[in-house]
Amino acid sequence: MARFTFKLPDIGEGISEAEIVAWHVAIGDRVEEDSPIADMMTDKATVEMESPVTGVVVELAGEVGDQVSIGAALVVIETDAVEGAGEVVVAPLTSAQAETAEQYEAENPGVEEVADLRQSTTPAEAGAQLGGAGNEAQSDITTTSPLGPRPSPGGIEGQGDASKTHALASPAVRARARDLGIDLASVKTDADRVRHADLDAYLRYGSGEGYHAPHASRAREDQPIKVIGMRRRIAENMAASKRAIPHFTYVDEIDVTALEAMRADLNANRGGRPKLTMLPLMIVAICKVIPDFPMMNARYDDEAGVVTRHGSIHLGMAAQTDAGLTVPVIRDAQDRNVWQLATEITRLAEAARAGKLAPNEMGGGTITVTSLGPLGGIATTPVINRPEVAIIGPNKIVERPVFRSDGKGGDEVVRAKLMNLSISCDHRVVDGWDAASFVQGLKKYLETPVLLFAD
């Protein structure tokens, strides 16, 4: 039979190899032309590889996490395989079994086990699980959970008490009882159906047979997880940064009461423009202060021994995604107003979460901002995004009483919104005095926010 060898193409300038982060096929699978076969990750992006031919997969280059060189064989496909090879035929239930399953689903809303029976490979297996086409299968079905067997709706496991009253409950209550291993028929209620409050009382006080201890903290099996793809890139970059850069972190407190009031006013009158968060205002302040502290907006090539102070501010914005931490870059942030920054932040964040960032949107940053948003924390010690030399971390805003002058020579206690601002710097390039002075410059703009809009 003729075989087609699909070699990994050049998927990025200067890329010599790529990592397998996901297989969409396995040996023996039939693939169609243009159907996905693998996701390959480089330093810049993740690219989906598509099959150029139709056939059956006979060889794969390796496992998830392996590196494949550009031009090396990725997949070998037999192009003249028998039509239909590799297909799995799912046998449907007989009409009697289907009727039984539908009856059980109707009388037990929220129960998912019967739907699984529709995926049985043969009618015989489905019939065995449902108790046979000609039987009263409902009284024989016993569902299971991690806590062990659960009683069937018709009676308690092993007792066959068909006369026991079937407890009424909503799907949400049934699902919760099922997860806790509670027989709804044993739960007492003053209403016409079992409610969440009845389950709470059952858990708190126990049934007539004694105290019922929930098993919410039961042990789970160990789960080895291979570090691949984005997670491996993050691990390598963070380890290299901490290994190569002597970090130091400076933290100062900033009163953002006036800034938050101004932000609320801007949002109330924004019209069709995007809603402002703290981040675009913070970026405007950074762009105004950096000209006085050019060593903060720099990249250090430690191998060449060269520090490049950049004239343009390409600001990295740390964004959390399902795949891990990603740092899209806002190009020429100094040329954008607060509304343009808000629009670009939203666009890049959505692209990052969808995994659709372009390669030129993920590199070349000159300084980075990282924020945990509402989680915030009292203070952070962020890790520098190498080869940059500084990273800024705004923390959570909290309300506290502070002393302020009353204008008459005395003090008064007022409510204020306060935020700690952290900055980590590369001590080979930035001195502690410079970092502290830079933050004081940010503090001036953030505590007197009208200056953000002054030329």
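1. First, a term: helices here are DSSP runs of H or I with at least four residues, numbered from the N terminus. On that basis, Ser241 belongs to helix H6, which spans residues 229-244. Keep in mind throughout that this is a predicted model.

2. Let's stay with Ser241 for a moment. Is Ser241 buried or exposed? The cut-off for buried is under 20% relative accessible area, and Ser241 comes in at 0%, so it counts as buried. Once neighbours within four places in sequence are set aside, its contacts are His247, Val383, Ile384 and Arg386.

3. Now the sheet. Six strands make an open sheet with mixed pairing, in the order E11-E20-E19-E18-E14-E17. Strand E11 (247-255) and strand E17 (329-330) sit at the edges, each pairing on one side only. Helix H10, residues 432-447, packs on this sheet and touches E11, E19 and E20; the direction of H10 makes about 25° with that of E11.

4. Within that sheet, have a look at E19 (residues 390-405) and E20 (residues 411-426). These two strands run antiparallel to each other, paired over 14 bridges. Ser405 is found opposite Asp411 of E20.

5. Helix H9 is worth a check on geometry. Its 17 residues, 338-354, reach 24 Å from the first C-alpha to the last, close to the 24 Å expected at 1.5 Å a residue. What caps the N-terminal end of H9? That would be Asn337, with a side-chain oxygen 3.0 Å from the backbone nitrogen of Trp339. After H9 comes Gly355, with a positive phi near 70°.

6. On to packing. The largest nonpolar core holds 55 residues, and the ones with the most contacts inside it are Ile283, Ile286, Met296, Ile392, Val430 and Phe438. H8 supplies the largest share of this core, 10 residues. There is also a second, separate core of 17 residues, with Trp23, Val25, Val31 and Ile37 among them.

7. Finally, which residues does Ile392 touch, not counting those up to four places away in sequence? They are Ile286, Ile367, Thr368, Val369, Thr370, Leu421, Ser422, Ile423, Phe438 and Leu442.

Conventions:
Residues are numbered from 1 along each chain as its sequence is written. This is a predicted model: local features need pLDDT of at least 70, side-chain atom pairs count only at pLDDT 80 or more; totals for chains, interfaces and linings use all residues. Side-chain values use heavy atoms; hydrogens and water are left out. Two strands pair if DSSP finds at least two bridges between them. Contact means heavy atoms within 4.5 Å. Axes are lines fitted to C-alpha atoms, for helices over the stretch in contact, and angles run from 0 to 180 degrees between N-to-C directions. The expected span of a helix is 1.5 Å times one less than its number of residues. A polar contact is a pair of N or O atoms within 3.5 Å; within protein, one must be able to donate a hydrogen and the other to accept it, and residues adjacent in sequence count only if both atoms are side-chain atoms. Buried means under 20% relative accessible area, exposed over 50%, partly exposed in between (1.4 Å probe, protein chains only). A nonpolar core is a set of buried Ala, Val, Leu, Ile, Met, Phe, Trp, Tyr and Cys residues joined through side-chain atoms within 4.5 Å.
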